[in-house]
Structures are given as structure tokens and as C-alpha cells.
Amino acid sequence: MTRKLYLIAIALIASAYAATAQPSERLRVLDSLTSALQASQRNDKKLEILNQICDENFNIDTTMKYAEAMRAIAQRSIDKPMEVRALRYLADCYYNNEEYGEAMKLLSDEAIPMAQSEKCLEDLGICYVIFGNCASYTKKGTNGNQWYDKGIDIFRSLGNYKRMIWAF
């Protein structure tokens, strides 16, 4: 019995330590990525790093700031797939900030049409799911389910089952 309590106490202490250590580790990762971004001279490398930063989803403000930078560099570099990705990150920030109208406008006016024309299928699927979330929350326009279904169909065609589960 004493041994069990001891092991439970150790497990609790370890999990508490892991929970408190995680934010500082995430800050170290962000610091490392921003240092690499500042040191980089090539736009393609900058876009890669900005993509990593945005993909880590540190917080809305950080993601918004770096997604805007990513979009600007992608536009200057005429890198449409990375511009689509930046638009997707921005729309997700608006959604997470409960600015559903802004997210839907960005998605319908820019992100979705560009993702379709550039055949950026994974980003397109994610855009559909974000749009579905916004439609569900606002109850405006069409039912969110049709958008989820579009995203799921894309993820199924890509064999991306992780994204399919996320979309469900």
C-alpha cells in the first residue's frame, strides 16, 4: 500500500512538473524559430520558418502576427500555396478570436478560391472545416455540416485520416 502511494505521488509530481515545464519549453521553441527567421536571408526559408511558427499555434496574437508576415512574403515571392496557408492561419485566428464574420469573409473571398485554383487540397479542406465552424456558430448562411463534409471528402481523397478525425 505504501509503495502504491509512493508511486502515485511520484507520478503526480512528474505530471505537475511536465505541466509547468511545457510553457517555458514552448517559449524556447518560439525564440529559436524567431532567431532563425531573423538570420534567414532567403524568402523560401523565411516562409518555412513562419509556417512552423504558425503551425505551432502559440497563441492567437503570435499566430496572427506571423501569419500576416507570411502572407506579405508569400505575396512578394509569388508563392501562392504559402499565401493560401497564411490566409488559412489568419482565418483560424479570426475564428478562435470569435470574429466569425471576418473569418468567413476571408475564407470565401480569398482563401477558398485561391486554394481551389492552386489545388492546395489540404489547406482547402481545413478552410472548409473552419468555414463550417463559423457557419455553425453564427447560424448564418448554410449549415456548417455541408462544409465539414467537403473538408472530410478532401481529407479522405488524400488519405489523411488524422485530418478526417479532426474534421469530424
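Trainee: What makes the meeting of aspartate 44 and arginine 42 a salt bridge?

Mentor: In this predicted model, the side chains of aspartate 44 and arginine 42 come to 2.5 Å, N to O. The cut-off is 4 Å between a side-chain nitrogen of Lys or Arg and a carboxyl oxygen of Asp or Glu, so the pair counts. By this rule there are 11 salt bridges.

Trainee: Is aspartate 44 called buried, partly exposed or exposed, and why?

Mentor: Its relative accessibility is 37%, so aspartate 44 is partly exposed. Buried would need under 20% and exposed over 50%. Arginine 42, at 49%, is partly exposed too.

Trainee: How do you know that glutamate 110 forms a salt bridge with arginine 71?

Mentor: Their closest N and O atoms are 2.3 Å apart, and the limit is 4 Å. This pair links distant parts of the chain, with glutamate 110 in helix H5 and arginine 71 in helix H3, 39 residues apart.

Trainee: Why is arginine 71 called buried?

Mentor: Arginine 71 has 17% relative accessibility, and buried means under 20%. Glutamate 110 has 29%, so that residue is partly exposed.

Trainee: What makes Arg85, Arg88 and Asp123 one network?

Mentor: Arginine 88 and aspartate 123 meet in a salt bridge at 2.8 Å, N to O. They sit in helix H4 and helix H6, 35 residues apart. Both arginine 88 and aspartate 123 are buried. Salt bridges with shared partners join Arg85, Arg88 and Asp123.

Trainee: Why do cysteine 93 and cysteine 127 count as buried?

Mentor: Cysteine 93 has 3% relative accessibility and cysteine 127 has 0%. The limit for buried is under 20%, so both qualify.

Trainee: Which residues touch the most other members of the largest nonpolar core?

Mentor: That core has 49 residues, and Ile53, Met70, Leu107, Ile112 and Cys134 touch the most other members. Elements giving two or more residues to the core include helix H1 (2-39) and helix H8 (161-167). Beyond its neighbours within four places in sequence, isoleucine 53 is in contact with residues including Leu30, Phe58 and Tyr66.

Technical notes. Residues are numbered from 1 along each chain as its sequence is written. This is a predicted model: local features need pLDDT of at least 70, side-chain atom pairs count only at pLDDT 80 or more; totals for chains, interfaces and linings use all residues. Side-chain values use heavy atoms; hydrogens and water are left out. A nonpolar core is a set of buried Ala, Val, Leu, Ile, Met, Phe, Trp, Tyr and Cys residues joined through side-chain atoms within 4.5 Å. Buried means under 20% relative accessible area, exposed over 50%, partly exposed in between (1.4 Å probe, protein chains only). Helices (H or I, at least four residues) and strands (E, at least two) are DSSP runs, numbered from the N terminus. Contact means heavy atoms within 4.5 Å.
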